[in-house]
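User: I would like to go through this model term by term. Please give the criterion behind each label.

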Amino acid sequence: MTYQEAVQAILTGAAAILACCALVCLARAVIGPAPADRLIAANMTGTQVMCMICLVAARTGEYGFADAAVIFAMFSFLASAVFVRIVTERRKDK
Amino acid sequence: MTIAEWVRLVTGGILLLAGLFFFVTSVIGNLRFSNAQARMHAAGLGDTLGILCVFCGLAILCFDPVFVLKMALIVALIWISGPACSHLIAGMLAGEKPGKKEGTRKK
């Protein structure tokens, strides 16, 4: 087993574990009773997906995939800020 | 494999495993904790330490300068936007409007 094969095996396993974590987090986002619970779970899912993108980028050797993770990090914060604004506006209207 | 490759493999693998451990812990905490503040605390664990450990392990396992710089940029972005996001969520839980706190601004 060469170095490259060992690294690829490790990265594949790590990406699989992270995928399971992201799915469980997504389930929390679906069942979470309050809007805040959903938002926290969605944020965690976003972080884990960023890690997964970088792992897959290293696994396939296409390091340019990491750009997608950078954009993801910027837009996930924007999304959560907009989500908070929408929830508070709706609460004010009632 | 040479000795240097073994050392790289073991250190990178241990860091990667530590990051995965923090992620799994934060997911379990997010599932089991009872209220939203405690869940936010659990989420912060994976968002800070987990992502740092995973990216450090990745940088050791397959080193590429541009790739490492991009990962450092992601960690910096997460570390800046995570606390801001938690602040917004905490404000939402306390029932106040984001950005307009009484006493900090005129009118």
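User: What share of the contacts in chain B with a separation of 6 or more comes from residues 24 or more positions apart?

Analyst: The share is 63%. Two residues are in contact if their C-beta atoms, placed from the backbone, lie within 7 Å. The model is predicted: local features need pLDDT of at least 70, side-chain atom pairs count only at pLDDT 80 or more, and totals for chains, interfaces and linings use all residues. Residues are numbered from 1 along each chain as its sequence is written, while chains are lettered from A in the order in which they are written.

User: Why is chain B described as α-α-α?

Analyst: Helices are DSSP runs of H or I with at least four residues, strands are E runs of at least two, and both are numbered from the N terminus. Chain B has three helices and zero strands. Read along the sequence, that gives α-α-α.

User: How many of the residues in chain B are buried, as a percentage?

Analyst: Buried residues are 35% of the 107 in chain B. The label needs 20 or more other C-beta atoms within 10 Å of the residue's own; 12 or fewer means exposed, and in between is partly exposed, with C-beta atoms placed from the backbone.

User: What makes a set of residues a nonpolar core, and which members of the largest one touch the most others?

Analyst: The set must be buried Ala, Val, Leu, Ile, Met, Phe, Trp, Tyr and Cys residues joined through C-beta atoms within 7 Å. The largest core has 50 residues, and A:Leu18, A:Ile40, A:Cys54, A:Leu55, B:Leu58 and B:Ile89 touch the most other members. Helix 2 of chain A gives the largest share, 12 residues. Leaving aside neighbours within four places in sequence, A:Ile40 is in contact with B:Ala36, B:Arg39, B:Met40, B:Ala43 and B:Ile89.

User: What does chain B bring to the contact with chain A?

Analyst: Chain B brings 41 residues, and chain A brings 41. Helix 3 of chain B gives the most to the chain B side, with 14 residues. That side divides into 30 nonpolar, five polar and six charged. Ala, Val, Leu, Ile, Met, Phe, Trp, Tyr, Cys and Pro count as nonpolar, Asp, Glu, Lys and Arg as charged, and the others, Gly among them, as polar.

User: Why are helix 3 of chain A and helix 3 of chain B called roughly parallel?

Analyst: Their packing angle is about 10 degrees, with the axes 9 Å apart. Angles under 35 degrees count as roughly parallel, over 145 as roughly antiparallel, 65 to 115 as roughly perpendicular and the rest as oblique. The two helices are therefore roughly parallel to each other. Residues of this contact include A:Phe77 and B:Leu77.

Technical notes
Axes fitted to C-alpha atoms, helices over the stretch in contact; angles between N-to-C directions.
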